[in-house]
Amino acid sequence: MSSLSDRPVIGPQAALREWLAVGAVALGTFALVTSEFIPVGLITRMSADFGSPEGATGLMMTVPAFAAAIAAPAVMLGAKRMDRRIMLCLLSALLMLSNLVVALAPSLGVALFGRVLLGIDVGAFWAISSIVAAKIVPAASVARASAIIFAGISLGSVVGVPAGALIGSAFGWRAAFESVAAFGALVLVAQLVLLPRLPPSEVVTVRHLASIFRIPSARLGLLACFLAFAGQFAAYTYMGAFLEHVTKMQPALLSSLLLGYGVAGFVGNFVGGALSHRGPRVTYAGAAAALGLSILLLTLGGQSQMIASIAVLAWGFAFGALPIATQGFMARAAAKELESASAVFVSILQMGFAVGAFVGGRAVDTVGLPTTLIGAAVASIATGFLIMQFGRIEDANTDGDAQLDPVA
C-alpha cells in the first residue's frame, strides 16, 4: 500500500487540473469551517428568535463536535470501497441540507438537529479530506496540497465567520445560514466537475481502527492531539472576553486583532505544512508548545495591549500550524493505515474540541478566566513535551512500517 512515508520526496509536480481538484476540496474545507463556527456571531439573535437562553443556544457549537467525534470512524466503517470522490460530493450535499434545516428551523430543537447533520458532515469530511492530497497530486506536491486544503480552516475564520455575522446583522441570522447553504451548492458543483476518481487506500474495519492504538507512536500522537485541541478550545472561546475585559481593547482594535489572528493562522498553516514534511515530530511539538506559550504570554502580560497583540498573533500562527503538523505526525506513525488513522485522528480532535469547550466554560464560572487560560496553556505545553520526550523513544520501538523519521 502506498503511504506518505514511503513516497519519494522528489518527482513530478502536480498539473493544473490536479491543483484545481485540490482547490475544490479546499473550498469544501472553507464551507465546512464557516458552517461550524458561524453561530459564534449569531447566538444572541438566534436565542431571541427561539426564545431560548443563550447558554442553551450555545449547544449549536457543542453538538456538532460530539457528533463529528462519533461520525468520523462510523462513516469510514460504512463507506467500505466507495469512491472517496462520491463521498466528498455527498458530504457537500449534506452540508447544504444541514444549513437549510437550521435556516428554516421553527425551534431550537430543530436547529440542533440540523447541527447534528453538520457534525456528521464534519467528522466524515475531515477523515477523508486529510488524506486525499496524497491521492490527487504527485508525492513532491503533497505537502503543499495538504497545506492548501487545511488553509480553509484559517480562511473560514478570517473571511467566512465575519461575513456570516455581517449578513446576519444586515438581513437576519437565517439569511446567514442560507448563504452558507448556497455556497455549499457551488462547492458541490466544483467537486463534481474537478475531482478525479479517488479509490480508497483500504477498506476500513473495526480491526483497522483498533490497530491504530497498538502503534506506540500513534497512541502518543492521539493523546497529544486531544490535549492540544482541548487546551486550544478551552482558551479560544474566551480570547475575545479576555481582550475586552482584561486588556481593555477598544472594539475597533479588537476586531482588527482577531482578523490578524486569522491571517497569522493562514500563514502558520503553510509554514507548518512545509516544516512537517521535513520533520513531523519537531513541527508537531513546536506548534503545540508555541500555542501554549502564546496563551501563557497573553494571560500573564495581557494587561499591555502590545504584549497582548503579540501573543494573539503568535497564538494564531501556532494554531494554524497545529492541525497539519498533527496530521503529518499521524501519517508517519500509521503509514500503512492512513484512512483508519485519519478517522481516529479526526474523532479524537473533535472530542478534544468538545471537551475543551465544555470544561473551559465550567472552569471560567468556577475558577475564573485567567486560571482557565493558564490551564489551557499547560495542556498545550505538555503536548509539546510529550512529543519531544517520548516521540524519540517511540521512533525506536515502532516497527518499520509505521516508524517515524528518526531525524524528525
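Helix α2, which spans residues 43-50, has four buried residues: Ile43, Met46, Ser47 and Phe50. Buried means under 20% relative accessible area, exposed means over 50%, and partly exposed lies in between, with a 1.4 Å probe and protein chains only. Seen down the axis of α2, these buried residues fall within an arc of 100°, so they line one face of the helix. The arc is that of the directions from the helix axis to the C-beta atoms. An α-helix has 3.6 residues a turn, so residues three or four places apart point the same way. The face of α2 turned away from the buried side carries the exposed residues Thr44 and Ala48. After α2 comes Gly51, with a positive phi near 70°.

The model is predicted: local features need pLDDT of at least 70, side-chain atom pairs count only at pLDDT 80 or more, and totals for chains, interfaces and linings use all residues. Residues are numbered from 1 along each chain as its sequence is written, and side-chain values use heavy atoms, with hydrogens and water left out.

Now the whole chain. The protein chain has 16 helices and 0 strands; helices (H or I, at least four residues) and strands (E, at least two) are DSSP runs, numbered from the N terminus. Of its 408 residues, 56% count as buried. Contact means heavy atoms within 4.5 Å. Among contacts between residues at least 6 apart in sequence, 86% join residues at least 24 apart.

The largest nonpolar core has 96 residues, and those with the most contacts inside it are Ile136, Leu243, Trp315 and Leu322. Such a core is a set of buried Ala, Val, Leu, Ile, Met, Phe, Trp, Tyr and Cys residues joined through side-chain atoms within 4.5 Å. Helix α14 (residues 305-333) supplies the largest share of this core, 13 residues. Leaving aside neighbours within four places in sequence, Leu322 is in contact with Ala228, Phe229, Tyr284, Ala287, Ala288 and Leu291. Apart from this core lies another, of 16 residues, among them Val102, Ala103, Ala105 and Leu108.

The surface comes last. The protein chain exposes about 15,900 Å², of which carbon and sulfur atoms supply 71%; accessible areas come from the Shrake-Rupley method with a 1.4 Å probe, and for residues only the protein chains shown count as cover. Leu259 is found in helix α12, and at 44% relative accessibility Leu259 counts as partly exposed.
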